[in-house]
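Please examine the sequence and the structure before reading on.

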Amino acid sequence: MAHAELTRPEGAASDWTIPQRWDAYTPQEHATWDALFARQARMLPGRTAPEFLQGLDVLRLSKPGIPDFEELSDRLMKATGWQVVAVPGLVPDDVFFDHLANRRFVAGNFIRRPDQLDYLQEPDVFHDVFGHVPLLADPVFADYMQAYGEGGRRAAALGVIDRLARLYWYTVEFGLVRSGEGLRLYGAGIVSSFTESVFALEDPSPNRIGFDLKRLMRTKYRIDDFQQNYFVIDSFEQLLDQTLNTDFGPLYTELDGQSDIEIEAILPTDRVFTYGTQAYARAKMPA
Ligand code: PHE
Ligand code: FE
């Protein structure tokens, strides 16, 4: 993910990449990856989009532990022309968009501490690689991510990154997709989280409503806890088709005059899959 005001750390190249230094990981760091991987891999069948489960195979490399980005990139390159490059952490928006537009996914090279298995603030290599890379092996999603990068450059030039960021948030990070057997997870923020991968699909608290581009770009989101609302796409083809074939220029202008929609709101025009009780969020509200 990207962030606006950051200074490039010493040792990072002008595109913010750094060597992954796979040999420098400790046995304990590899063990953390293996533990997280095993736990999520057990959790995800029956909950996750088939495209994601298929893509998980690109992560099964010749060595156990944290994937070596070179070997991973070779695999991914053969599948969809994507690569994974290491960065120290969050990078500026323009750098992030440039990498995506060139089919390079930026991943933090550090891994969380053993006492942070369930939650951490900044995306680490487990979130970035386990969460994001499997879908980059899917041809349709791979094209969506590149198009998003191109759209990001354009949004940056127009000063409307915040609007486009909502699209990333509600699809790439926290998206759900319909399947023949019900809703399935695909957002990286969900599938890399032990607790949210159950909450997002099974908890009665959040709303789950049909993907609608304009509506989505007016909707606020929260970064501090489980989502109160998830947007559901019909398919990755639908997502790619609607975003690629919509000129966002006029859309940004149109949305300029419109108010934001509260996170938990349900509109009469929404295609509702689940009317959430919002019990989880309410229980946490200050009295
Ligand atoms: N079509 C969008 C634009 O005109 C770009 C975009 C494509 C954004 C795909 C997200 C995903 O800016
Ligand atoms: Fe992410």
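Q: In which pocket does ligand 1 sit?

A: This is a predicted model, in which local features need pLDDT of at least 70 and side-chain atom pairs count only at pLDDT 80 or more, while totals for chains, interfaces and linings use all residues. Residues are numbered from 1 along each chain as its sequence is written, chains are lettered from A and ligands numbered from 1 in the order in which they are written, and side-chain values use heavy atoms, with hydrogens and water left out. A pocket is an open set of points on a 1 Å grid over the protein atoms alone, where a 1.4 Å probe fits, with protein on both sides within 12 Å along at least five of seven lines; a molecule sits in it if more than half of its atoms lie within 2 Å of its grid points. Ligand 1 sits in the second largest pocket.

Q: Which helix gives the most to the shell around ligand 1?

A: The residues around the ligand, with a heavy atom within 4 Å of it, include Y144, R154, T243 and F248. Helices are DSSP runs of H or I of at least four residues, numbered from the N terminus. Both α6 (139-158) and α11 (236-244) supply at least two residues of the shell. The helix that gives the most, with five residues, is α6.

Q: What percentage of the accessible area of ligand 1 does the protein cover?

A: In polar contacts, which are pairs of N or O atoms within 3.5 Å, an oxygen atom of ligand 1 is 2.5 Å from a side-chain N or O atom of R154, and a nitrogen atom of the ligand is 2.8 Å from a polar backbone atom of T246. A backbone N or O atom of F248 lies 3.0 Å from an oxygen atom of ligand 1. Of the 320 Å² of accessible area that the ligand has on its own, computed by the Shrake-Rupley method with a 1.4 Å probe, the protein covers 92%.

Q: Which are the edge strands of the open sheet of five strands?

A: Strands are DSSP runs of E of at least two residues, and two of them pair if DSSP finds at least two bridges between them. The order of this sheet is β6-β5-β8-β7-β9, with mixed pairing. Pairing on one side only, the edge strands are β6 (182-185) and β9 (272-274).

Q: Which residue of β8 stands opposite L176?

A: Strand β5 (residues 176-179) runs antiparallel to β6, joined by four bridges, and the bridge partner of L176 in β6 is L185. Two bridges join β5 to β8 (residues 229-233), and these strands run parallel. In β8, the residue opposite L176 is V232.

Terms used:
Polar contact = N/O pair within 3.5 Å; in protein donor to acceptor, adjacent residues only side chain to side chain. 1 Å grid on protein atoms, 1.4 Å probe; cavity = no way out; pocket = protein on both sides within 12 Å on 5 of 7 lines; lining within 4 Å.
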